[in-house]
Amino acid sequence: MVFKRRDRRPIWQAVADFFWPRGGWGRAFTYVKHRVRRLPDPPHRIARGIFAGIFVTFTPFFGLHFFLAATVAWIMRGNIIASLLSTFVGNPLTFVPIMAISLQTGYFLTGQGHALGDEVHRSLGGKFVDAGRDLKHNIWAVFTDEPADWSHLLVFYDEVFFPYMVGSILPGLIAGMIGYYISLPVIQAYQNRRKGVLKAKWAAIREKAAQKADAKKKQD
């Protein structure tokens, strides 16, 4: 196949590359920045796509960020590719602070901050583990006679997922607007400069062609 790797990476290396790319996160960020600036679309549409990608990154719908970013960009008439590239804001280095900000905002907005201050049920990581066990058990229960157990999943929804979902809206909007207003003038300046360079090259080509034509006429 065309896109298949010749040498398959071991699982540990794939996981390591996910958390720390071979060129480092700085190089990965530079690559995304250049790709976004060179998109063939008006600056305001690219900036809308960046807003969509950053906004969706704050939501708890992991695994669906690409689809949701593209959908939000399409609704806003933004650049879909820019929205997909902008989900890069959510990476192993930023997921923890993003999750913390969204959860704390959600606890404040839903009034759960005081109730959860003593960690009545379990720690945050424990709630993830318990919900995963319930999910695995319930999938297995479909094919067996064992009863389904939703207790830990309900705790996870009430104390993690729902406040995360509610709390992600405000910081997601703020971060998305910051990304929009920062990227818009930068992309405009880049595209204007690029247009100027292309016009200068085209003018040089035309001038060179005209000189060749004059030289040919003189020879004739």
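Let me begin with a definition: a residue is called buried under 20% relative accessible area, exposed over 50%, and partly exposed in between, with a 1.4 Å probe and protein chains only. The model before you is predicted, so local features need pLDDT of at least 70 and side-chain atom pairs count only at pLDDT 80 or more, while totals for chains, interfaces and linings use all residues. Residues are numbered from 1 along each chain as its sequence is written, and side-chain values use heavy atoms, with hydrogens and water left out.

I turn to the overall fold. The chain holds nine helices and zero strands; helices (H or I, at least four residues) and strands (E, at least two) are DSSP runs, numbered from the N terminus. Of its 220 residues, 35% count as buried. Taking contact to mean heavy atoms within 4.5 Å, residues 24 or more positions apart supply 67% of the contacts with a separation of 6 or more.

Next, the aromatic residues. Rings of Phe, Tyr and Trp (its six-membered ring) pair if their centres lie within 6.5 Å; planes under 30 degrees apart are stacked, over 60 edge-to-face, and the rest tilted. This rule gives seven aromatic pairs. Phe51 and Phe55 form a stacked pair, because their ring centres are 6.1 Å apart and their planes lie at 5 degrees. These two residues are four apart in helix α3 (residues 43–57), and therefore about one helical turn separates them. Both Phe51 and Phe55 are buried.

Phe62 and Phe95 make an edge-to-face pair, since their centres are 5.5 Å apart and their planes at 85 degrees. This pair links distant parts of the chain, with Phe62 in the loop between α3 and α4 and Phe95 in helix α6, 33 residues away. Phe95 has a relative accessible area of 24% and so is partly exposed; Phe62, at 41%, is also partly exposed.

What of helix α6 itself? It covers residues 95–110. Among its buried residues are Ile98, Met99, Leu103 and Tyr107. Just after α6, Gly111 adopts a positive phi of about 75 degrees.

Two further residues deserve mention. Ser83 lies in helix α5 and is buried, with a relative accessible area of 0%. Beyond its neighbours within four places in sequence, Ser83 contacts Gly49, Ile50, Ala52, Gly53, Ala69, Ala70 and Ala73. Arg77, by contrast, sits in the loop between α4 (65–75) and α5 (80–86) and counts as exposed because its relative accessibility is 63%. Its phi is near 60 degrees, a positive value in a residue other than glycine.

Definitions and conventions: Expected span 1.5 Å × (residues − 1).
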